[in-house]
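Have the viewer open while you read.

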There are 4 protein chains.
Amino acid sequence: MEKRIRLGLMGGGLSSFIGIVHRIAAYMGENYTLVGGVFDIDHAKGNEFATQLGLDLSRSYDTIDYFIQQENQLPVDQRIQVVSILTPNFLHYEMAKKLVSAGFHVICEKPITVTVSEALDLQVLVQKYQVVFALTHTYTGYPMVRQMKEMIANGVIGRIQKVDAQYYQGWINPFIHDEEKRKGVWRLNPKMSGQSCCMGDIGVHAFNLIEYTTGLEVDKVLADLDTMYPDNPLDVDGSTLLRMKNGSKGIIRASQIATGEENNIIIAVYGEKGALKWEQEHPMYLKHLQEDQPAQIYKPGNGYNSAFAQESTKIAPGHPEGLFDAMGNIYKGVAQAINGKETRSGSFPTVNDGVRGMQFIEAVLSSSSQGQKWVQI
Amino acid sequence: MEKRIRLGLMGGGLSSFIGIVHRIAAYMGENYTLVGGVFDIDHAKGNEFATQLGLDLSRSYDTIDYFIQQENQLPVDQRIQVVSILTPNFLHYEMAKKLVSAGFHVICEKPITVTVSEALDLQVLVQKYQVVFALTHTYTGYPMVRQMKEMIANGVIGRIQKVDAQYYQGWINPFIHDEEKRKGVWRLNPKMSGQSCCMGDIGVHAFNLIEYTTGLEVDKVLADLDTMYPDNPLDVDGSTLLRMKNGSKGIIRASQIATGEENNIIIAVYGEKGALKWEQEHPMYLKHLQEDQPAQIYKPGNGYNSAFAQESTKIAPGHPEGLFDAMGNIYKGVAQAINGKETRSGSFPTVNDGVRGMQFIEAVLSSSSQGQKWVQI
Amino acid sequence: MEKRIRLGLMGGGLSSFIGIVHRIAAYMGENYTLVGGVFDIDHAKGNEFATQLGLDLSRSYDTIDYFIQQENQLPVDQRIQVVSILTPNFLHYEMAKKLVSAGFHVICEKPITVTVSEALDLQVLVQKYQVVFALTHTYTGYPMVRQMKEMIANGVIGRIQKVDAQYYQGWINPFIHDEEKRKGVWRLNPKMSGQSCCMGDIGVHAFNLIEYTTGLEVDKVLADLDTMYPDNPLDVDGSTLLRMKNGSKGIIRASQIATGEENNIIIAVYGEKGALKWEQEHPMYLKHLQEDQPAQIYKPGNGYNSAFAQESTKIAPGHPEGLFDAMGNIYKGVAQAINGKETRSGSFPTVNDGVRGMQFIEAVLSSSSQGQKWVQI
Amino acid sequence: MEKRIRLGLMGGGLSSFIGIVHRIAAYMGENYTLVGGVFDIDHAKGNEFATQLGLDLSRSYDTIDYFIQQENQLPVDQRIQVVSILTPNFLHYEMAKKLVSAGFHVICEKPITVTVSEALDLQVLVQKYQVVFALTHTYTGYPMVRQMKEMIANGVIGRIQKVDAQYYQGWINPFIHDEEKRKGVWRLNPKMSGQSCCMGDIGVHAFNLIEYTTGLEVDKVLADLDTMYPDNPLDVDGSTLLRMKNGSKGIIRASQIATGEENNIIIAVYGEKGALKWEQEHPMYLKHLQEDQPAQIYKPGNGYNSAFAQESTKIAPGHPEGLFDAMGNIYKGVAQAINGKETRSGSFPTVNDGVRGMQFIEAVLSSSSQGQKWVQI
């Protein structure tokens, strides 16, 4: 019998939007048990949450330091093995550092940190302590994104000559035009959010999707960010030109003031022999364009997909799966890694993806602040 | 603290397609604990499954009778409260009858039974024993189906004058044309499947969606079923004309030989003031047609939806949810009912929906076998 | 040099909705010249129209008899060669009969006549006088409908086992619920419209699309028509079960009270080896479903299409063509036939399609009035 | 009676792709008569074309100079009034200059010229000679593009804060990777095509759509063009960042190496109060996004559209119109202007749009050649 992996949480309690996504993702594969954590900055609320979930209150801690101290005194077969970090961005680094250094595996919400140097530091620690470290770029968990990755890797569209990714939302529009309202948005507060809002929160997802699906690295960026108002310190919109290391060009467009857009992520990759296109709001469809051939629509659950895509769906074709299922696939990959199984490349984003993402964000900010210069990643 | 509901399963083990859907649905709301059951007709396999899930083997039973006997000897606060029946169709009735009569709440896969009289019998028992009985017409759990129901109830499209539902699959096509192959399909075996294959398995979903969303009852049916080959005893395709009790007309089309279709369910309801249309393979979109107005597209998670639809989604707009989430919503409704909370109408299909469905199936079979006569439901 | 074909019109003047479609269709191929006709029941208005178009007023006639008399006195190389009949339905037969008998080629709006016997009569006359007779089932002119026909003929989807066609409009809804208003609608007046409104006007298009694309004939029908109100003599909605001559089953659904629908025509044909689906409101896309293969999307202008489909588009891929272009393709086929060139099967619907359509309409009416009996076509 | 406008052509004969679009557009409104022109650089071929169309051969000229001389000797009421210039790009300026200076109205294919200074020169001449000058940015003729323009002008989406336009094709991909093949493509030859291939041919359409729909002017551009191979002199792909004069930002993406794309034009405009989105390959649909409201889909032919959009469609809702119809709307606008009628703003693109387009192209080339600097238009 495969024993269940004992899971802990930092944050993710009652008031967390993302908490439910992680918890369900963990339950989906039936290989995690949620055991404890620091569920809330307010310990009473954390305990309330633990009680609601029927957890042992002795595992509901008030600080990460106490969490580490106590858990590490437990026998190995009772101790929490992996911790998901779901707190606001600025806490990711410190928590991850402590956990990794104490030997815990980590699943971290993105952005991994708020600076490149912090991310590089974590990269070193992960290597040193030999723990599993996953970064939840959730969209990489969709079966059709994985199919796209595999088709590109197998040369289906040939050498890549153009990449184009979009991440458009409109949710900041109702706040941005009113000074009082925008001050109430934590993502627009550099102390909570880090150096970037739009690029750090969503542009980096587009960046990650490009590197994930193409297997190529972005070499240089030239970015034009928009804060909309002089007293708003963080970007809410931006376009970034890309040069890929293989010499091809590309573009990332991201916005949080694309009024009326919900979570409109699109990636299109064009190669010498064809193209692949995917949209997050229609995640069950992968479009394959070929010259002089009818376009093809790939859907999950079918035998024509790669083994990796096949393993990333749980039901028969024609039954939609969504965001929770995508996150579930990432948790599944992490579980395999923790259990010492060989995992497919791309089963979950790693600390390396985190470093790349932070390098992207800093390069973009640097480019834009210099008046749109090319900046090496 | 709300204690977790103790869940048992009949079937749903290793070899079950639908088992994973139910288990994840139960986990999603964080208010069920899977405790035990009769997981497989082969007890050893059932135990293997229990072991995999880390369940207490003493709760992995070999027969339903033993399950009932043993569980009922446990203290009330340890005893399994609700049992999901996930076995082949022909076992539903017997199991449900025993469980209901022993005071267990029941979540039953459809079709509820294989005859109307069995379904009526269960209806009486559910009333007598005052248990919660849910039938998993999963599609009623989608937020946009619930929004459709509420908009119609609120008169948004006025008096209904036409209903049109489709459920097209192609999965039987590869078997049906070869005598040997089709004999290997359990759904084509009346002993396992009951009186009908296509109408009983999927036509009844379309029927249920019509009654669920419109709040109208079908009065009469005229059906033309197709078995494709004389030696194939069960229908694999059929069209059914409908007369609704409000006098309007309608149609249900179902097929399992619509080659290449996966799970293509569509419902369109036309009223004097507008229309609503929904497709299962694009479950996040509800189309509202109005005369002299642009068509409108409703999406989950937005404040313009009804409270019921709002409660049926777990995340912000633009993040797809799928079949597991729909089933999760049904389990959530059942949990509320078991916990004695008031539930919204439509929170889960009940034994009454089961009776209606069986009446529909028998009426359809009767109509078709008489050479397409109108038959009262 | 190919001389232009001299075209005449019956109706199609200022107040005609369909006139502009025919005239532009004739201009598109640059092989017709509009010369004269009886443009309006009111001769003054007819002349006004002729003047607007810069036509020779001597060719603007007040009656069809005078038209025929005068034109036949002109030298053969000046005489109008083909006449398009665009008048209300009840006039089609009389006009077509006179024109055919006088040796004119005819392009006739559908329905060809108001009874089967009239249609059969025309069929005899067309044979006798050896004229070209085209019936404008316009949707057969779309390149992707032609591609569908050719793919089926070439066995791409194998033996057909299910056909499903829909034609949903909502335009009668604003009139039907008010007695005064519905009396003002000419299509609901049997004297103008013939025996059927919905089936005669649009159901017959769906029927024609089925026979056109599949090459199969409908054998029997069972129809359930709806007039909505007892004092409304003609159907405004109806579903018709089909038995094809090859033994397969099918269905036609048509409605003019599908509130909010514009011109929503869909045809889906399922065979043993795959399926083809097309929608009129997205005419540039033909969907090809195959088992264990990604769905394919065919688009006009590409070299992978059949020669017939290729010839039916005028521009490079990705440039939409629409209804005018579809009608233009039919006029192009007629021009080829008039000029004595060999035409591809399906280049334009003929008097035989007209007979089939009328037989369908009468069979449907008969079936419905008998309380849904099977009626042979 | 409105007399028909006498139309001449430069180019547009047998071997012309675009000729058929212009001729049908002229026929559609029934207010032009094609009279003559210089149909081909090879006079024999030009005459062959004239013969095919049944034109008077005396009006099939061998040079533009002879055309002008001869036409101007004809009585005013026989003389060609307007000339469409459909030749390769490098001839546009010279021909337009001669025609305008000789008092002819002109309809010119884009790009208007190959340099800004030529375009400015034409602008002066058009003003001086008081002729009508139309530039065929065909996409502005689609009814839903016009509806978009009017909704924005009426403040429906509020102040614009982001514009995003794409024009992706793949047709150069099969040529670009082979040195011999790419040398055979006239659009890649600067002598024929001018200074730019991708931006000049299609990027400028995206630019025009932005200025047309928003009513805003682009202020500055920063462009990254791609020629793919060092020995290929002209761009085949490029992304251009925009600064609008109202301070908002935007982006134009264009490619001819987006393998498998046909004519994928998309425009999205985001304002404070909502967004409008349109795609050329689905031209009948205009999407209107609003916060806290279901998205709306506008379609042509409906009374809820603006008068301008209404006038730009010829048939009832639900009947697709396409590219020919869009061009027809531009010809219709030109006819109104020639006949001295007041025309709506946006009825046809003018010489001013031509100047703007050339300024855009030159600014883009300048920006890219300087290594992505901001360049004022």
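## How chains D and A meet

Chains D and A meet through the same surface, because 100% of the interface residues of chain D are also interface residues in chain A. In numbers, 32 residues of chain D are in contact with 32 residues of chain A, where contact means C-beta atoms, placed from the backbone, that lie within 7 Å. On the chain D side, strands E6 (160-168), E7 (218-226), E8 (237-244), E9 (249-255), E10 (264-271) and E11 (274-279) plus helix H7 (173-176) each supply at least two residues. E9(D) has the largest share, with four residues. Helices (H or I, at least four residues) and strands (E, at least two) are DSSP runs numbered from the N terminus.

That side of chain D divides into 10 nonpolar, 12 polar and 10 charged residues. Here Ala, Val, Leu, Ile, Met, Phe, Trp, Tyr, Cys and Pro count as nonpolar, Asp, Glu, Lys and Arg as charged, and the others, Gly among them, as polar. As for the geometry, a rotation of 180° with 0.0 Å of shift along its axis superposes chain D on chain A, RMSD 0.0 Å (least squares on C-alpha atoms of residues with pLDDT of at least 70 in both). That is the relation of a two-fold axis.

## Ground rules

This is a predicted model: local features need pLDDT of at least 70, side-chain atom pairs count only at pLDDT 80 or more, and totals for chains, interfaces and linings use all residues. Residues are numbered from 1 along each chain as its sequence is written, while chains are lettered from A and ligands numbered from 1 in the order in which they are written.

## Two domains in chain A

The domain assignment (automatic or from a database) gives chain A domain 1 (5-139) and domain 2 (142-304 + 349-376). Their centres, taken over C-alpha atoms, are 27 Å apart. Across the boundary, 20 residues of domain 1 of chain A are in contact with 27 residues of domain 2 of chain A. On the domain 1 side, helix H5 (116-129) and strand E5 (133-135) of chain A each give two or more residues, and H5(A) gives the most, six. That side holds 14 nonpolar residues, five polar and one charged.

## Helix H3 of chain A

Which residues of H3 (residues 64-71) of chain A are buried? They are Ile64(A), Phe67(A), Ile68(A) and Glu71(A), buried meaning 20 or more other C-beta atoms within 10 Å of a residue's own, exposed 12 or fewer, and partly exposed in between, with C-beta atoms placed from the backbone. On the other side of H3(A), Asp65(A), Tyr66(A) and Gln69(A) are exposed. Strands E1 (5-10) and E2 (32-38) and helix H4 (92-101) of chain A are among what covers the buried residues of H3(A).

Terms used. Contact = placed C-beta atoms within 7 Å.
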